[in-house]
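This note sets out points for a colleague to follow alongside the sequence and the coordinates.

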Amino acid sequence: MAEMEEQTIEYWRWDEGNWKNPDMDFKDAEILTAGIDVGSVSSQAVIMADGELFAYGNTRSGYNSRDSASNVMNMALEAVPGLKLEDIHYVVGTGYGRVRVPFANKAITEIACHARGANYMYGPKVRTIMDMGGQDLKAISCDERGKVLNFVMNEKCAAGTGRGMEVMADLLKVPIQKVGEMSFQVEKEPPPVSTTCVLFAKTEALGLLKNGWSVPKVLAAYCSAMAHRIYGVVKTVDVKKEFVITGGCAKNSGIINRLEKELGFEIYKDTKVDTQLAGAIGAALFGKALYEKSKKK
Amino acid sequence: MVEKKYKTAPLKSWDKAKEIRLNIYKEIAEAKSKGKVLLGGGAESLIALPTGFDYAMLVGEPYGAAISYLAKSDPDEYMKYVEASEHAGYPRDLCAYMRNYIGSILRDKYVFGGPFPKIDFYLQAGFCDTHSKWYQAVSDITGRPYFSLDLVPFDWEIEGESEKTKDLKRKYIVDQIHEAIAWMEKQTGREFNDETFIQGVLNECESTSLWAKVCIANRAIPAPLDEKTMLSLYVLAVIGRPRNDVVEFYRELLDEVEDRVANQIAANPYETARIITDSQPPWFALDLFRLLETYGVVSVGAHYTFGLSGGWEYDEENKTWEAGKTPQEKGVEVKTRDEAANVLADWWLRTGTVCRGVRHSGAGKIQRIMDMVDRWKVDGAIVHLNRGCEGTSLGQMDIVSSLLERGLPTMTYEGNHADPREYDENRTFARIESFMETMGLKQLYEFKKGE
């Protein structure tokens, strides 16, 4: 029975939920915009009041992008009693499902939105952004306004992405929030596992466990492999020390710490905003600019 | 509204191109009832070879592409072709054209209507390993005989291949051409006509040389043709370059394109930037060229689009490739079967850049692409990492690295030229839109799907 219960625990499940800024009232805002980031693994809806983060929802994407967009928007609206979708002046869809956000006024690529969102979250100093998403890795160079100058993406494979980490958390029965911390409980850093393919990595991890490796050691090997793969992508753009990470994997210290070693410098972490929100924030900011532009015409 | 920089006009040759293509596929369907020899094979099968017969030829790659095009208009019908092929054990990592073609045979369904044509025999030059196996498999399935020519192209010019090796390669092909003719006569029980063969060979040289000249005209600013249009024009040489009507078409097309250059008639009235692509496009998703157009971007061509139907000759002095000089232009008289065989072998070994790229990648192919960047005044490159063709995807990441090292904005996207299951439009469009932004380009008008 206990074994059955253990099997139903979803170790991959990261924190979902909604939030509202308690110090703000939407009725005071002149312009309300929303950014909906429908990714392959997670969806976020951000509501901004006059360009400031006001509320958000964050949940797992379903197989239907339209439903994911509606669900996450409803989630964000639920955090703000009295606020309705019709009250929002402009909505921008982004992410993999950006063209399927039924209530969006415009769709903008996640690359542009992450750059713009990172600019908001970390300030105009940011020059290199690594978005570590569910199934994508994007290395983005940008200017002081968050405008994209260059970008590189991984090819099709979940190895080294958020989905890969979810698979590993489930395999090793470690809650995903604890993976980073646990990966440091090793005496000596082990060599990385394969990052060619997430299935190869999974098979290799199983083999290592059978050979007597501890769970933290396997996690260290996987985090190290992810960091190495991310470095492989990021080094192909013009990497600057004004470097930030967006996306869910930014919350995993096991990867970030090891990536810093590969980069040879410290990554900026000075933001209070959830890194998973970057794309939706960027979309909402684009929404504000587009709304203002439409009013000037 | 953004102001247009150049005037533009529909291509007058367009309707004729469509008509000839349709006629060729119609002739294939009717070949048997009209007493013609009907053969199958690949696009680079020295397709002038069977011109010694009254014949029709189903060329496999464009046919496989035509099936993949169904994925856009009738996805369920498309899936029936690939499912038939995959259920028979041909897995997804094989040539996508081949899988579509085999599916068509197994379903006994000709994509243009009716049952799959009853092919008399298959003829294929082994410039691509998969293509050689393709027709071997088809021969096994249908029980129809198969002749495979072993084609080893010349090395890229910068490799410094010796004249002796080239002579040996040429002779090797010529011997096989004679052998193939004898074999075809035996299979068909018909006599091979040297006169029509000689004309077919001369036509093959002229069609491909003319196509190279059309591509060269696209060096002009503004470009008179965009790649999406070129893809519909080059295919006539792919499926019918030894034909008189195809040669005549390319003569007229060249006249028209040169006239467009002289009068600055543009493919894209904005022409904000010029790009090249690499590998075949995803045939079922040519919309991506329409997306580029909304930014004023014109794709001026590709190593593939220029080379599959193009006869390109290396200019040692200027270290570049120009349109191959035909035997007619050189004043070479071709009077015998053996002379025609020598001309055909020499032409393909020397001027076939795509078959060379499939066999020998590396520095030669990179030089060819860099030459295109220079001479076609290219501002960026979009590389289709084509999971459906092992030949044209050879060395692609080396090409990407070289383009980036040179400082040319370059993006990649993953896909498959004839299997939409490996192409992700959302992801590709996101990359293209971001790539346009990094090139400093703005969308000039809204992209509307299907237009």
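1. In this predicted model, the C-alpha centres of domain 1 of chain A and domain 2 of chain A lie 25 Å apart. The domain assignment of chain A gives residues 2-123 + 276-296 to domain 1 and residues 128-267 to domain 2. The contact between these domains draws 18 residues from domain 1 of chain A and 27 residues from domain 2 of chain A. On the domain 1 side, helix 3 (residues 110-122) of chain A supplies the largest share, nine residues. By class, that side of domain 1 of chain A has ten nonpolar residues, seven polar residues and one charged residue.

2. The contact of chain B with chain A takes ten residues from chain B and 13 residues from chain A. Helix 18 (residues 425-438) of chain B gives the most to the chain B side, with eight residues. The classes on the side of chain B that touches chain A are two nonpolar, three polar and five charged residues.

3. Within chain B, attention may turn to a pair of helices. The axes of helix 2 (residues 60-73) and helix 3 (residues 75-87) of chain B come within 6 Å and cross at roughly 145 degrees. Helix 2 of chain B contributes B:I67, B:S68, B:L70 and B:A71, which meet B:P75, B:E77, B:Y78 and B:Y81 of helix 3 of chain B. This contact has six nonpolar residues, one polar residue and one charged residue.

4. Helix 3 of chain B has 13 residues and spans 18 Å from its first C-alpha to its last, close to the 18 Å expected at 1.5 Å a residue. Its buried residues are B:Y78, B:Y81, B:V82, B:A84 and B:S85. Why do they lie on the same side of helix 3 of chain B? They cover an arc of only 150 degrees around the axis, and therefore share one side of helix 3 of chain B. In general, an α-helix has 3.6 residues a turn, so residues three or four places apart point the same way.

5. Which exposed residues does the face of helix 3 of chain B turned away from its buried side carry? They are B:P75, B:D76 and B:H87. The cover over the buried residues of helix 3 of chain B includes helix 2 and helix 4 (96-107) of chain B. Following helix 3 of chain B comes B:G89, with a positive phi near 100 degrees.

6. Helix 10 (residues 244-262) of chain B has 19 residues and reaches 27 Å from its first C-alpha to its last, close to the 27 Å expected at 1.5 Å a residue. The buried residues in helix 10 of chain B include B:F249, B:Y250, B:L253 and B:L254, and also B:E256 and B:R260. Among the elements that cover the buried residues of helix 10 of chain B are helix 1 (14-30), helix 7, helix 8, helix 9 (235-240) and strand 6 (265-266) of chain B. Just after helix 10 of chain B, B:Q264 has a positive phi of about 50 degrees.

7. The loop between helix 7 (194-217) and helix 8 (227-233) of chain B holds B:L225. Is B:L225 buried or exposed? B:L225 counts as buried because 26 other C-beta atoms lie within 10 Å, where 20 or more are required. Leaving aside neighbours within four places in sequence, B:L225 is in contact with B:N218, B:M230, B:V257 and B:A267. The C-alpha atoms of B:L225 and B:I265 are separated by 9.2 Å, although these residues are 40 residues apart along the chain.

8. B:P222 also lies in the loop between helix 7 and helix 8 of chain B. A cis peptide bond, with omega about 0 degrees, joins B:I221 and B:P222. Most residues other than glycine have a negative phi, and most peptide bonds are trans.

9. B:D108, in the loop between helix 4 and strand 4 (121-125) of chain B, has a positive phi near 50 degrees. B:S279, in the loop between strand 7 (273-278) and helix 11 (287-293) of chain B, has a positive phi near 75 degrees. B:D108 counts as exposed because it has 10 C-beta neighbours inside 10 Å, whereas B:S279 is buried, with 23 other C-beta atoms within 10 Å.

Methods
Residues are numbered from 1 along each chain as its sequence is written. Chains are lettered from A and ligands numbered from 1 in the order in which they are written. This is a predicted model: local features need pLDDT of at least 70, side-chain atom pairs count only at pLDDT 80 or more; totals for chains, interfaces and linings use all residues. Two residues are in contact if their C-beta atoms, placed from the backbone, lie within 7 Å. Helices (H or I, at least four residues) and strands (E, at least two) are DSSP runs, numbered from the N terminus. Ala, Val, Leu, Ile, Met, Phe, Trp, Tyr, Cys and Pro count as nonpolar, Asp, Glu, Lys and Arg as charged, and the others, Gly among them, as polar. Axes are lines fitted to C-alpha atoms, for helices over the stretch in contact, and angles run from 0 to 180 degrees between N-to-C directions. Domain bounds come from an automatic or database domain assignment. The expected span of a helix is 1.5 Å times one less than its number of residues. A residue is buried if 20 or more other C-beta atoms lie within 10 Å of its own, exposed if 12 or fewer, and partly exposed in between; C-beta atoms are placed from the backbone. The arc is that of the directions from the helix axis to the C-beta atoms.
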